[in-house]
Protein chains: 2
Amino acid sequence: MSSPTSLMKRLVLGRPFRSDSLGHTLLSKRIALPVFASDPLSSVAYATQEILLILTLGGLAYIHLTPYVGAAVVVLLAVVVLSYRQVVRAYPSGGGSYEVVSKNLGPLAGLVVAAALLVDYVMTVAVSVAAGVDNIISAFPDLNAYRVGINIGFVILLTAMNLRGVRESGRAFAIPTYAFIVGVYLMVGLGLLRALLGHPPVAESAGYGIRAEQVGLTTVALILLVLRAFSSGCTALTGVEAISNGVPAFRKPKALNAARTMAAMGLLAVTMFAGVTVLALIAKTRVVENTCDLVGFHGDCTTEPQRTVIAQLAAAVFGNNSVMFFYIQAATALILVLAANTAYNGFPLLASILAQDRYLPRQLQNRGDRLAYSNGIILLAVVAGGLIYAFDGSVTRLIQLYIMGVFTSFTLCQAGMVRHWNSELRHATTPALRRKINSGRAVNAFGALLTGLVLVVVMITKFTHGAYLVVIAIPVLCALMHAIHRHYASVRDELRLAPDDEATLPSRVHAVVLVSGWNKATQRAILYARATRPHTLTALTVNINDDDTRALHREWEALDIDVPLKVVESPYREITRPVLQYVKRARQRPRDVVCVYIPETVVGRWWENLLHNQSSLRLKARLLFEPDVMVTSVPYQLHTAARRDVTKAEHSPGDVRSGVDRSVRYDRNLD
Amino acid sequence: MSSPTSLMKRLVLGRPFRSDSLGHTLLSKRIALPVFASDPLSSVAYATQEILLILTLGGLAYIHLTPYVGAAVVVLLAVVVLSYRQVVRAYPSGGGSYEVVSKNLGPLAGLVVAAALLVDYVMTVAVSVAAGVDNIISAFPDLNAYRVGINIGFVILLTAMNLRGVRESGRAFAIPTYAFIVGVYLMVGLGLLRALLGHPPVAESAGYGIRAEQVGLTTVALILLVLRAFSSGCTALTGVEAISNGVPAFRKPKALNAARTMAAMGLLAVTMFAGVTVLALIAKTRVVENTCDLVGFHGDCTTEPQRTVIAQLAAAVFGNNSVMFFYIQAATALILVLAANTAYNGFPLLASILAQDRYLPRQLQNRGDRLAYSNGIILLAVVAGGLIYAFDGSVTRLIQLYIMGVFTSFTLCQAGMVRHWNSELRHATTPALRRKINSGRAVNAFGALLTGLVLVVVMITKFTHGAYLVVIAIPVLCALMHAIHRHYASVRDELRLAPDDEATLPSRVHAVVLVSGWNKATQRAILYARATRPHTLTALTVNINDDDTRALHREWEALDIDVPLKVVESPYREITRPVLQYVKRARQRPRDVVCVYIPETVVGRWWENLLHNQSSLRLKARLLFEPDVMVTSVPYQLHTAARRDVTKAEHSPGDVRSGVDRSVRYDRNLD
């Protein structure tokens, strides 16, 4: 706990503690709320700001429309939360939108949702990190010059932590999330109180005018502007579906507890978003994308950015650079980084489910395996980091790409739920049940309609601002996953055994032991090969250097080893080709099988592997292409290899939210 | 021969033709000369220019010293050629400086030479490519804006060609090399003739003054300046040792033919370098590093570079933009690219020798294997490309790093030869032989002294101009190679069998076949496992998905397979850990051995590998750490795998100069 990185970890994730103290890793509602709500609540930090930004494109003339736009977002948020409460109850297995859509609307629609969710996770990382850095810069304006660098630094930090498999804990989420909730409520409460008392807080930007980019708007243009502001405000809804993916991590009754947590989260999100929006209007907060559009801005608009709305409000309510101001900024930055971290957990989990359904490479399936995880994490980090770099870490520009994916999955999920209720209805017997199903269906149908409408609005108003990238990415991802699925199907067909396929035992096994020198590894390989009692047993060496080969031959005869040593020539010092040619000829009859034994020296340090076994790796890879050949590695462990305990438990990120406890051993035999 | 790349290849390397038409790939002197001389002769293209550049740092006042500096270079060149003729005769095996120094001065000095040569190869690529591009830009000045890009492009082109294993041919070297020789002789001859006739050619820069960077030089400063100019001129010597590495590729009598070719090459290098230098002085060529130092330069000195000395002379002699001007520029650029290409051949060859001596990872040893080659090629390309990028593709700045390595190996090699003669002398019996040895020793001793002196001069005059990088790089490389050597030695010790080590045959073999489903690959693995007649035979499956496992179990029972199917649990969908735990317990007695059979689906296309066998790869890697466990891969080849013929011959770059003919098959058994 002394190095700077571990200190950083502690700051970000809190002190790690044993998962068994969490009641067999299942989450109480009090802990589940912060674990799953950091993502949806964190969007409070930027949703209001994005609405104001878009509306003021038309100058200050239309800023009075903010409450209506905000109200529409709140209504939408409430509807989506209600809709997802149905999902949690109907599909408590944690498959979320992908499961709902695949089961009810077919695999193709499921693929679309999967692609949308993958895009979403990437955008969650990019937007949350960018917004977090924005709030850090609002507290320490001098850091603005290093904006992109700090962004990339956070992505690297998150990636490293997740690659190392930092053990998660509920408390690590609880403290920053509750700190953020308490901070925002305090700020909104105190601000409103002061307004009621006749001394409303005044934002630092209250006095500025705004140079309008769009003036003299036609009715159509105004409607489009308002819809665009609404689309941007919809970022408040991102992450709402998180709980539907994590139902198995709840204590029993799981579905009920999850639904209740969902309701609490919805209530928090609605009140916090509404509170911040109202306070921003009271404080006359002015916020623009390009600082130079501010009339009366005091500094150099080309280099100084505006502070975030949260920072402006905190400064107005608590006083600039007061303790509480820094508290709010720290809590905001922290919850945003936590939100980004949830994507690091969600992405590999979804990839694992997709791999199980054979839409992604099978190696992503085994979540327990660290490597499966790593590929997903690195992919996520590279794409998110690339986007941040390409868009200069600008939240406003990144957010244009965010909402498309979210609403695609919302809409399809709710539509899938309608189908689900329809089929439930067919089997429902009692009138009470039918009533319940009908009301559920009504909620989801309304949700599907509304989110579908929003999806169309988002697509229209954001297409040219960057959303077209998502419109391209989703079909490309779908096509890729479809192609992978087809490949696996064709391999399965080729491997399928027909009922009349005869099983013929190989008649003879010829063992060939590869020898490069006489040592313990070679001796072991010959002993092991002999233990399998092959029909013939030969030691084979490749003559790369005449002197070495002659020395080996002499040693072989001196020690009187009772296995014949064959030498194949290799004038150009290659190994693979001569061995392959020998092995081809070693099979004398059609039903013969050749087993090639390769002694391997096993070392423990990663760099030692660069110095060993590279040619045997290649040889093994080539031998696999040879019909009727088995390849056996006979390892000899050097002392450095003994240090590694390969069976020790590993912890994967996301364990907490999937209810995993890796301290168990598993031994069960079915027969 | 229609695609742009094949056309490019043809332009660069000439039409490929079968190596057997070259008389079993051994080289006649007529072909050997261009194969080995492209590197040393190509330095004619920049050596004169570098002398002029340095001398004119003191303005035009010291340009009259050029002939003396040039003469010193010519003398040095002659001495080095004579010295290396001795090397070729004494060490006809092609080991070159590294072999001479290792054998005579011990392994540590050998390591220093090896490191110096590795650095040298990198610099050959960087300097030759940069100089080639300079000459292209001299012909097409508009390309100047893309200088670094064109440089990197050539590095990538060379890398790609060598990675693909383009088949070399002597003629591919012969045409550009002879074209360059003829062109330079024509130019020098015609130029001198015109001077004799009283109409000397006048360079375009003849009228310019030069703004001196160093004025009013003290005697010491003047001496340093002249020595620095001499050091730069020594670039004319780079590549002279090439023939000493390629003696085995010559026709018999190899050593004699090689020595004669060396003499011819020396004569060409001396006359061409002297001719270009004299002509440059006659034409009053002015050349500076920074164009803005030219008084009277007609263009914008911040963006327009000066043309190379070769280009200025060609324009002065043949007329600017005449056919012959472009001919000279094309031949110069081409031979420089060829010179860079020789480093692509030499680097992996040296790496292979170092690997054989256990100073570099063993996988670099097997030159025949394409992969061994690729690592070396990519490493070379990345470092050379990085240097070009870091030094903006400036020949003058890159050349500061070049000569240190060359003269380190020259000096040590000649010193080694003196030692060699000393020991020869001890066994020499006849007075004639003693005389011969004595004269050889005198040549090499003088060579060692002179090159050693130059090395000191180079180090002093160039240290702060970039040579310090080489002074750092060589010891670092040495230390790295030494550490690798030590590692291999310690492994060999650990593996060494003591005479009293008992060989105990394992008492029982337990075969465990990993099963993920019932298909042809599984069936084959079970059949093969049974063919080895193990004491126990078990099928093992990991329960990742309850439904799948139950289905497998039912199928197993329905088909009445007579191998028991064991199921191990894996609640977190990992494979490696449960299998490892099972395997640990399967060994019941101390002398038991477990053999794990893994069915592998073998696919032919590279991307298919991303979709298959990844978890078995990891599992195999982990199982190797388990004592008393063998791991057997049982491949099942899908139809896409059958397309690949893995035994077909591959051609490696550098085959021509090492006398390799890959069309042979090799079958020889010692017993």
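**Close-up views of a predicted two-chain model**

**View 1. A:L514 and the pairing of β3 with β4 in chain A.** A:L514 faces A:L540, which belongs to β4(A). The strands concerned are β3 (residues 508-514) of chain A and β4(A), which run parallel and are joined by five bridges. As in every view described here, the coordinates are those of a predicted model.

View 2. Between the two strands comes helix α18 (residues 546-559) of chain A, and β4(A), α18 and β5(A) together make a β-α-β unit that is right-handed.

**View 3. Strand β6 of chain B and the strands paired with it.** Of the 11 residues of strand β6 (residues 592-602) of chain B, 10 are buried, so this strand is largely enclosed by the rest of the structure. Strand β3 (residues 508-514) of chain B pairs with β6(B) in the parallel sense over six bridges, and here B:A511 is found opposite B:C595 of β6(B). Strand β7 (residues 629-637) of chain B likewise pairs with β6(B) in the parallel sense, over nine bridges, with B:I598 opposite B:S633 of β7(B).

**View 4. Helices α4 and α9 of chain A in contact.** The axes of helix α4 (residues 66-90) of chain A and helix α9 (residues 254-282) of chain A come within 9 Å and cross at roughly 175°; the two helices are therefore roughly antiparallel to each other. Residues of α4(A) that make the contact include A:G70, A:V73, A:L77, A:V81 and A:Y84, while those of α9(A) include A:A259, A:M262, A:G266, A:V270 and A:F273. Taken over both helices, the residues of this contact divide into 18 nonpolar, four polar and two charged.

**View 5. A:A90 and its surroundings.** A:A90 is a residue of helix α4 of chain A, and it counts as partly exposed because it has 19 C-beta neighbours inside 10 Å, whereas a buried residue needs 20 or more. Although 165 residues separate A:A90 from A:A255 in sequence, their C-alpha atoms are 8.3 Å apart in space. When neighbours within four places in sequence are left aside, A:A90 is in contact with A:M417 and A:H420.

**View 6. Chain A as a whole, for orientation.** The secondary structure of chain A comprises 23 helices and seven strands, and 52% of its 671 residues are buried. Among the contacts in chain A between residues at least 6 apart in sequence, 82% join residues at least 24 apart.

How values were computed
Residues numbered from 1 in each chain as written. Chains lettered and ligands numbered in written order. Predicted model: local features only at pLDDT ≥ 70, side-chain atom pairs only at ≥ 80, totals over all residues. Axes fitted to C-alpha atoms, helices over the stretch in contact; angles between N-to-C directions. Helix = DSSP H or I, 4+ residues; strand = E, 2+ residues; numbered from the N terminus. Parallel < 35°, antiparallel > 145°, perpendicular 65-115°, else oblique. Contact = placed C-beta atoms within 7 Å. Nonpolar A, V, L, I, M, F, W, Y, C, P; charged D, E, K, R; others polar. Right-handed = clockwise from strand over helix to strand, strands pointing away. Buried ≥ 20, exposed ≤ 12 C-beta atoms within 10 Å, placed from the backbone. Pairing = 2+ DSSP bridges.
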